[in-house]
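The entries below follow the order in which I looked things up.

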Amino acid sequence: MATAAAAAAAMAPPGCPGSCPNFAVVCSFLERYGPLLDLPELPFPELERVLQAPPPDVGNGEVPKELVELHLKLMRKIGKSVTADRWEKYLIKVRRSC
């Protein structure tokens with residue numbers, strides 16, 4: 001399936017998450033470690049959809065709940081006690097400590 005993600009990335013229009021080489025890396029990580037880490041299932045097309053920025057007239061900059069759930073699960077796996085309403089603050093702290 002990771003090769004399918006890489007092929008989709010090569011054919012995706014510019015500016016689309018699927019056109020970024022890191023999208024294939026993320027897909028490969030989720031495919032390989034998602035079940036071991038008990039991560040929520042997020043099919044590659046759905047992941048690509050939630051990573052795309054919504055049009056300016058839709059929503060008010062809210063992060064799709066699928067991405068919030070994925071980040072919460074990953075941060076909890078590294079031992080962070082994080083809540084859904086403050087996950088972005090914790091993500092910034094985790095990123096700074098790397």
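I took helices (H or I, at least four residues) and strands (E, at least two) as DSSP runs, numbered from the N terminus. On that basis I found 5 helices and 0 strands in the protein chain, and along the sequence I read the pattern α-α-α-α-α.

I noted that this is a predicted model, in which local features need pLDDT of at least 70 and side-chain atom pairs count only at pLDDT 80 or more, while totals for chains, interfaces and linings use all residues. Residues are numbered from 1 along each chain as its sequence is written, and side-chain values use heavy atoms, with hydrogens and water left out.

I looked up burial (under 20% relative accessible area, 1.4 Å probe, protein chains only) and found that 26% of the 98 residues in the protein chain are buried.

I then turned to pockets, each an open set of points on a 1 Å grid over the protein atoms alone, where a 1.4 Å probe fits, with protein on both sides within 12 Å along at least five of seven lines; lining residues have an atom within 4 Å of a point. The largest pocket holds about 330 Å³ of space, and of its 15 lining residues, Asn22, Val26, Leu47, Leu51 and Leu70 are the closest to its centre. Helices H2 (21-33), H3 (44-51) and H4 (65-77) are the elements that each give two or more residues to this lining, and H2 supplies the largest share, 6 residues.

I recorded about 270 Å³ for the second largest pocket, which 11 residues line, with Leu30, Glu31, Glu41, Leu42 and Pro43 nearest its centre.

How values were computed
Buried means under 20% relative accessible area, exposed over 50%, partly exposed in between (1.4 Å probe, protein chains only). Grid points are joined across faces, edges and corners, and a volume is the space filled by probe spheres set on the points.
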